Amino acid sequence: LLITMSSAVAAGPKKLLVVTVTKGFRHSDSIVVAERIIAELGKKSGKFEVDYVRTDADMAEKMTVEALKKYDGVFFASTTGSLPLPDTEGFLAWVRSGKGFAGAHAASDTLHDFVPYLEMVGGEFKTHGPQVEVECIVQDDKHPSTKHIDKTIKVFDEIYLFDRYDKNKIHLLLDLDKHPNTKEAGHFGIAWCKSYGKGKMFYTELGHRVDVWEKPWYQEHVLGGILWSLGLAKGSSE
């Protein structure tokens with residue numbers, strides 16, 4: 001037992017790199033809140049510690065292929081535009097090697113000029129209408145990111161529409177059965193996950209608004225996605 005305990009202590013919590021660099025629109029208010037809440041979730045769960053990439057200099061230092069070796073996963077919190085990653089293909093290879101990628105909201109409005117990244121995320125931001133209340137439908141009630149939500153959850157937020165989105169290439173967690181703004185019947189993905197090589201990718205488009213980040217159910221949603229992406233919680237990606 002002592003050997004087991006000391007081994008667990010030696011392993012320690014996972015290391016999550018929270019990336020908030022933007023080269024397009026900046027969700028200034030919600031990014032600040034996201035940084036704080038993700039750190040709090042790590043601390044309260046005891047499962048992971050966070051480090052931050054807030055500037056180009058941080059990115060140049062902490063996201064080289066060599067520097068990434070000390071991290072277990074990343075969280076792209078409303079990143080936008082063409083990020084100055086030192087080695088974008090190397091970064092994706094790092095995820096494929098068995099690491100975790102989690103992203104919220106504008107993580108899909110990022111690296112539009114690098115299709116392999118968009119293919120990893122499973123959707124590319126196209127447009128959005130006015131902020132609106134939607135009723136998200138749970139499509140997997142066993143996944144750690146959605147098991148705490150009843151069959152549906154209402155949320156007022158900015159809802160994205162996507163290009164490069166194929167529901168057959170992802171594992172759906174939350175979706176809509178009608179257009180967020182026109183209310184015309186159809187399928188619209190909200191949150192999903194997928195395997196990416198040996199790695200795991202979780203994405204939720206919710207999180208534009210500060211008050212969404214502050215909701216306990218959303219924090220549980222994000223925490224579940226992070227833990228799943230880090231291999232610390234079981235859930236399907238098929």
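Strand β9 (residues 171-178) and strand β10 (residues 185-196) run antiparallel and are joined by six bridges, strands being DSSP runs of E of at least two residues and helices runs of H or I of at least four, numbered from the N terminus. His 171 has Cys 193 of β10 as its bridge partner. This is a predicted model, in which local features need pLDDT of at least 70 and side-chain atom pairs count only at pLDDT 80 or more, while totals for chains, interfaces and linings use all residues. Residues are numbered from 1 along each chain as its sequence is written, and side-chain values use heavy atoms, with hydrogens and water left out.

Six bridges also join β10 to β11, again in an antiparallel arrangement, with Lys 200 in β11 as the bridge partner of Ser 195. The two strands form a hairpin with two residues between them, and Gly 197 in the turn has a positive phi of about 65°. On β4, by contrast, the five bridges to β11 are parallel, and Ala 104 is partnered by Thr 204 in β11. Because five of its six residues are buried, β11 is largely enclosed by the rest of the structure (buried means under 20% relative accessible area with a 1.4 Å probe, protein chains only).

## The sheet and its helices

These strands belong to an open sheet of nine strands with mixed pairing, in the order β2-β1-β3-β4-β11-β10-β9-β6-β7, where two strands pair if DSSP finds at least two bridges between them. The edge strands, each pairing on one side only, are β2 (48-53) and β7 (152-157).

Helix α2 (residues 28-45) lies across β1 (14-19), β2 and β3 (73-77), and runs at about 155° to β2 (axes are lines fitted to C-alpha atoms, for helices over the stretch in contact, with angles from 0 to 180 degrees between N-to-C directions). Helix α4 (residues 88-96) packs on the sheet and touches β3, β4 (100-104), β10 and β11 (199-204), contact meaning heavy atoms within 4.5 Å.

## The enclosed cavity

A search of the whole structure finds one cavity of 30 Å³ or more, and the largest cavity has a volume of about 40 Å³. On a 1 Å grid over the protein atoms alone, a cavity is a set of points where a 1.4 Å probe fits but cannot get out, and lining residues have an atom within 4 Å of a point; grid points are joined across faces, edges and corners, and a volume is the space filled by probe spheres set on the points. The lining of the largest cavity includes Ser 30, Ala 104 and Trp 213, and its largest share, three residues, comes from α2.

Note on methods. On a 1 Å grid over the protein atoms alone, a cavity is a set of points where a 1.4 Å probe fits but cannot get out, and a pocket is an open set with protein on both sides within 12 Å along at least five of seven lines; lining residues have an atom within 4 Å of a point. Buried means under 20% relative accessible area, exposed over 50%, partly exposed in between (1.4 Å probe, protein chains only).
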